[in-house]
Amino acid sequence: MIHVDQKNEPPVFEARVGRPGTRFLEQNCNPTSRQWENHSYWRRVLPQLHAAYDGICAYSSEFIPYVTGSDTVEHFLPKAEHPAQAYIWTNYRLVCLRMNGRKGTRRILDPIRIENAWFVLHFPSLQVLLGPNIPVDLLSVANETISVLDLN
């Protein structure tokens, strides 16, 4: 896992996602799974999210070919638990479908908040390990991040 710089909200975001999402949440404080599916406005900016992050998955650091359709908008704070964050650009991460499914609603480190060298790639095993600079108070969640995302 590597540090990812937060990208600016695209100009089309508010019209395509922000306003319709806010209207939906005003009428549905705690949406059901079906209601979320019918109001998944975040998908409207998937091309902009893909372009902003150069097609790189925030969790696996791999390029996601746009033509495969396997890129997703990951709500870092899960929308089911944090509905007010569902239509907020800064809560979105570009993530491949496989990693999005692995994370689910579990708590992991945010690639926007981590620092370089918190994780290292061990050669020749290609195992993702904890780096020497990771804060002690984050060791547990860092190990959980490796496990949840099945990085090894």
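By salt bridge I mean a side-chain nitrogen of Lys or Arg within 4 Å of a carboxyl oxygen of Asp or Glu. Before the pairs, the ground rules: this is a predicted model, in which local features need pLDDT of at least 70, side-chain atom pairs count only at pLDDT 80 or more, and totals for chains, interfaces and linings use all residues. Residues are numbered from 1 along each chain as its sequence is written, and side-chain values use heavy atoms, with hydrogens and water left out.

How many salt bridges does the structure hold? There are five, and I will go through some of them. Glu-62 pairs with Arg-98, with 3.0 Å between the closest N and O atoms. This pair links distant parts of the chain, 36 residues apart: Glu-62 is in the loop between helix H3 (46-52) and E1, while Arg-98 is in helix H4 (residues 97-103).

On accessibility, buried means under 20% relative accessible area, exposed means over 50%, and partly exposed is in between, using a 1.4 Å probe and protein chains only. Glu-62 is partly exposed because its relative accessibility is 40%. Arg-98, at 44%, is also partly exposed.

The next salt bridge joins Arg-102 to Asp-150, where the closest N and O atoms are 4.0 Å apart. Arg-102 belongs to helix H4 and Asp-150 to the segment after helix H5 (139-148), so this pair ties together parts 48 residues apart in sequence. Arg-102 has 23% relative accessibility and therefore counts as partly exposed. Asp-150 is partly exposed too, with a relative accessible area of 47%.

One more pair is Glu-37 with Arg-43, whose closest N and O atoms are 3.0 Å apart. Glu-37 counts as partly exposed at 47% relative accessibility, and Arg-43 is partly exposed with a relative accessible area of 47%.

Now the strands. Why is strand E1 (residues 71-75) described as largely enclosed by the rest of the structure? Because five of its five residues are buried. Asp-71, Val-73 and His-75 point one way from E1, and Thr-72 and Glu-74 point the other way. In a regular strand, side chains alternate between the two faces of the sheet.

E1 runs antiparallel to strand E2 (residues 92-96), and five bridges join them; two strands pair if DSSP finds at least two bridges between them. Thr-72 has Val-95 in E2 as its bridge partner, and Glu-74 stands opposite Arg-93. E2 is mostly covered as well, with five of its five residues buried. Tyr-92, Leu-94 and Cys-96 point one way from E2, whereas Arg-93 and Val-95 point the other way.

Between E1 and E2 there is a loop that holds Ala-84. Is Ala-84 buried or exposed? At 59% relative accessibility, Ala-84 counts as exposed. The C-alpha atoms of Ala-84 and Leu-25 are separated by 7.5 Å, although the two are 59 residues apart along the chain.

Last, the surface. Arg-16, Arg-19, Arg-23 and Arg-44 form a positive patch. Patches are made of residues with over 30% relative accessible area and no salt bridge, with like charges joined within 9 Å and nonpolar side chains (Val, Leu, Ile, Met, Phe, Trp, Tyr) within 5 Å. Arg-19 lies in helix H1 (residues 13-27), and at 44% relative accessibility Arg-19 counts as partly exposed.

Terms used
Accessible areas come from the Shrake-Rupley method with a 1.4 Å probe; for residues, only the protein chains shown count as cover. Lys and Arg count as positive and Asp and Glu as negative; His and the chain ends are not counted. The place of a charge is taken as NZ of Lys, CZ of Arg, CG of Asp or CD of Glu. Helices (H or I, at least four residues) and strands (E, at least two) are DSSP runs, numbered from the N terminus.
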